[in-house]
Amino acid sequence: EVLKEIAANTASSSETRNQAQQELMKLTERSTLEAELEKLVMALGFKDAVVILQDRAVNVIIQQNSLTDAEKEQIRDVVVRVTDLQADDVFITCKP
């Protein structure tokens, strides 16, 4: 919300408005990628998934009591394929 106000405020310097617009674009891209990953993970057969992207890592929360190593590997494969991250950067957690 604050970034939108800064980007739209003509009293702000052009540089400040551009920075705010760039940050808004990054947030939008990140949110879109999180939603895409959640859908891809659920397409693997999981009931629900939440994906939280960070600069150097991604957290995937699966609504399930536990996961097998094979299931974790499937999730990692999807995340690595869609992002620029490595398998070691993917953290998977279960929540019943």
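Helices (H or I, at least four residues) and strands (E, at least two) are DSSP runs, numbered from the N terminus. This is a predicted model, in which local features need pLDDT of at least 70 and side-chain atom pairs count only at pLDDT 80 or more, while totals for chains, interfaces and linings use all residues. Residues are numbered from 1 along each chain as its sequence is written, and side-chain values use heavy atoms, with hydrogens and water left out.

**View 1. The whole chain, before we zoom in.**
The protein has three helices and three strands, and reading along the sequence gives the pattern α-α-β-β-α-β. The radius of gyration is 17 Å, well over the 12 Å that the globule rule gives for 96 residues, so the protein is more spread out than a compact globule. (The radius is taken over C-alpha atoms, and the rule is 2.2 Å times the number of residues to the power 0.38.) Along the principal axes, the C-alpha atoms fill a box of roughly 55 × 25 × 15 Å. Of the 96 residues, 23% count as buried; here buried means under 20% relative accessible area, exposed means over 50%, and partly exposed lies in between (1.4 Å probe, protein chains only). The protein exposes about 6,600 Å², with carbon and sulfur atoms supplying 48% of that area. These accessible areas come from the Shrake-Rupley method with a 1.4 Å probe, and for residues only the protein chains shown count as cover. Taking contact to mean heavy atoms within 4.5 Å, 46% of the contacts between residues at least 6 apart in sequence join residues at least 24 apart.

**View 2. Charges across the protein.**
Lys and Arg count as positive and Asp and Glu as negative, whereas His and the chain ends are not counted. Each charge is placed at NZ of Lys, CZ of Arg, CG of Asp or CD of Glu. On that basis, the mean positions of the 11 positive and 17 negative charges are 3 Å apart. A salt bridge is a side-chain nitrogen of Lys or Arg within 4 Å of a carboxyl oxygen of Asp or Glu, and the count comes to two. The next two views take them in turn.

The closest N and O atoms of Glu23 and Lys26 are 3.6 Å apart. Glu23 is partly exposed at 35% relative accessible area, while Lys26 counts as exposed at 52%.

**View 3. Asp55 and Arg30, a salt bridge between distant parts of the chain.**
In this pair, the closest N and O atoms are 2.8 Å apart. The partners are 25 residues apart: Asp55 belongs to the loop between strand E1 (49–53) and strand E2 (58–63), and Arg30 to helix H2. Asp55 is exposed, with 65% relative accessibility, and Arg30 is partly exposed, with 31%.

**View 4. Glu34, a buried charge in helix H2.**
Stay on helix H2 and look for Glu34. This residue is buried yet has no salt bridge, and its nearest side chain of opposite charge, Arg30, is 5.4 Å away. Beyond its neighbours within four places in sequence, Glu34 is in contact with Val51, Ile52 and Leu53.

Gln19 lies in helix H2 and is partly exposed, with a relative accessible area of 45%. From Gln19 to Ala43, 24 residues along in sequence, the C-alpha to C-alpha distance is 36 Å. Lys39 also has its place in H2 and is exposed at 60%.

**View 5. Asp69 in helix H3.**
Asp69 is part of helix H3 (residues 69–82) and is exposed, at 65% relative accessible area. Asp69 and Val79 are 10 residues apart in sequence and 15 Å apart in space, C-alpha to C-alpha.

Asp89 is partly exposed, with a relative accessible area of 22%. Leaving aside neighbours within four places in sequence, Asp89 is in contact with Arg56, Ala57 and Val58. The C-alpha atoms of Asp89 and Ala20, 69 residues apart along the chain, are 28 Å from each other.
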